[in-house]
Amino acid sequence: MGRATILLLCLLAGAMAVRGEDPYFFFTWNVTYGTISPLGVPQQGILINGQFPGPNINSTSNNNIVINVFNNIDEPLLFTWNGIQHRKNSWQDGVLGTNCPILPGTNYTYHFQVKDQIGSYFYYPSTAVHRAAGGFGGLRVNSRLLIPVPYADPEDDYTVLIGDWYSKSHTALRKFLDTGRPLARPDGVLINGQTGKGKDVKPLFTMKPGKTYKYRICNVGLKNSLNFRIQDHPIKLVEMEGSHTVQNTYDSLDVHVGQCFSVLVTADKVPRDYYMVASTRFTKSVVTATGIIRYTNGNGAPASAVLPKAPEGWAWSLNQFRSFRWNLTASAARPNPQGSYHYGQINITRTIKFVSSTSSVGGKLRYAINGVSHVNPPTPLKLAEYFSVADKVFKYDTIPDEPLLKKASLVTLAPNVMNVTFRTFVEIILENHEKSIQSWHLDGYSFFAVAIEPGRWTPEKRKNYNLLDAVSRHTIQVFPKSWAAIMLTFDNAGMWNLRSELAERRYLGQELYISVLSPERSLRDEYNIPDNFQLCGAVAGLPKPSPYTI
């Protein structure tokens, strides 16, 4: 074989290797303060490249996302990617249990892959109460072209970020919490950063007659569940937090804090403007925001001033949850149908019950899980574990799998870290003894939301589980005086955050971390610490441990 032929073969092999790697998308974010007036009153907001809300991230399954974040506000900052699983890579999770914060005037580059995922997600700043000032945006993961989607391609794809909002600054809200006071009722509700009130309100979205559109709706707020609906238009649910669903049609959807839904809407009504509506649920006084959807052939005919009514009570919301079903025949990120994973036939190896509580410690408000209110140490938990100095930073398993209810009022302030054995199938019960609704999120995973019921959980309640087609998702609500059951296989090694999505609860301790260690210390199970990873606390200046190998 001649030299020229060998050279050509080498070049072709190199080209194939380059083409074989999943695509990269690069972003540079300049995070600054700026004046915004979403409620008609000027206030300090957190902007990304001058935008509020932040820019949408539009990706496809398995893409590599590289985001260089320049922190130009006056406080340490992190971003978390709500619902992105970071397979083998909790280094990129962007929470204080895994990452050192990005200090003011410095930058840090996140690099993560949306591996084997599709769906609608969002990002937000996870530090302090920064989310109350903005810094959030949509994050969508489209299906690859070779994977069939169980509905026709929509005419367009829209992101709808709904959430409650306060007119006070994030620093003022944090002072309330630091002095032991809870947050009051929000001052408003926003849809993509606007209330829809005032003169000369411009349409948020347009629709061509006869066409079908996809709306990705996420509750990015701080405290309140919201009901979403569109005047005179039914909405067809097709996807929920990374799972294709049975395509039921609804007049409205309850979207709890941290949750995302994708719906299809067809423009088949009289050409004119229509309102989309987001309003608070389970509150004494209802706060509402609107956004205009304009038919392109409607000549700007105004929308009716009569808004569609929201449902009342949480029994309606519970029944809606029970109507959600996993689409067993649809493919998600991989060619095999979702229903080929028979989670209901796997033996449970461990049952963990988490009970939330509200207490006063030293005269100040604290929220806890099983009697422990989490405190973030100066050294991120993941770093302490990786550098083998965990015993200097935290203790494992400070809470039992079954809480001692007699001691529920006795709250300990400490890092809350629980060990879970790698690749075990675990049942988690989230029990709410309080009078307000809660919303829980787990990083690094999706789980099967098999039941929500009123009362207290007992093993006999398992007979009511949906063991066939419960939706695989990452956030679940727990109604007052009720419980929720989720099931999952802990097959993603790392340090993962289980948290209340309600900002004040999380800030005041209602979160924990789940350590999932691979005994092999192999690259097959977990990636090495990134070269650019920031070190702080007890590991600052320490040499890096020996890297994992295959």
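**Entry 1**

Which residue is the bridge partner of Arg 229 in β17? I looked it up and found Ser 252. I note that this is a predicted model, where local features need pLDDT of at least 70, side-chain atom pairs count only at pLDDT 80 or more, and totals for chains, interfaces and linings use all residues. Residues are numbered from 1 along each chain as its sequence is written, and side-chain values use heavy atoms, with hydrogens and water left out.

Strand β13 covers residues 226–230 and runs antiparallel to β17, with 4 bridges joining them. Strands here are DSSP runs of E with at least two residues; helices are runs of H or I with at least four; both are numbered from the N terminus. Two strands pair if DSSP finds at least two bridges between them.

I then checked the faces of β17 (residues 252–255). Ser 252 and Asp 254 lie on one side, Leu 253 and Val 255 on the other, and all are buried. Buried means under 20% relative accessible area, with a 1.4 Å probe and protein chains only. In a regular strand the side chains alternate between the two faces of the sheet.

**Entry 2: Ser 243**

I moved to Ser 243, in strand β15 (residues 243–244). Is Ser 243 buried or exposed? Its relative accessibility is 4%, so Ser 243 counts as buried. I listed its contacts (heavy atoms within 4.5 Å). Leaving out residues up to four places away in sequence, Ser 243 touches Val 238, Trp 326, Gln 338, Val 471 and Ser 472. A polar atom of the Ser 243 side chain lies 2.6 Å from the backbone oxygen of Ser 472.

**Entry 3: a four-stranded sheet**

I traced an open sheet of 4 strands in the order β3-β8-β7-β5, with mixed pairing. β3 (57–60) and β5 (79–82) are at the edges; each has a single partner strand, so one side of each has no neighbour in the sheet. Neighbouring strands are turned by 20 degrees against each other on average, direction ignored. β5 pairs with β7 (residues 119–125) in the antiparallel sense over 4 bridges. Asn 82 has Phe 122 as its bridge partner in β7.

**Entry 4: the whole protein**

I counted 5 helices and 33 strands. The C-alpha trace spans about 80 × 65 × 55 Å along its principal axes. Buried residues make up 57% of the 550 residues. Among contacts between residues at least 6 apart in sequence, 78% join residues at least 24 apart.

Methods. Buried means under 20% relative accessible area, exposed over 50%, partly exposed in between (1.4 Å probe, protein chains only). A polar contact is a pair of N or O atoms within 3.5 Å; within protein, one must be able to donate a hydrogen and the other to accept it, and residues adjacent in sequence count only if both atoms are side-chain atoms. Axes are lines fitted to C-alpha atoms, for helices over the stretch in contact, and angles run from 0 to 180 degrees between N-to-C directions.
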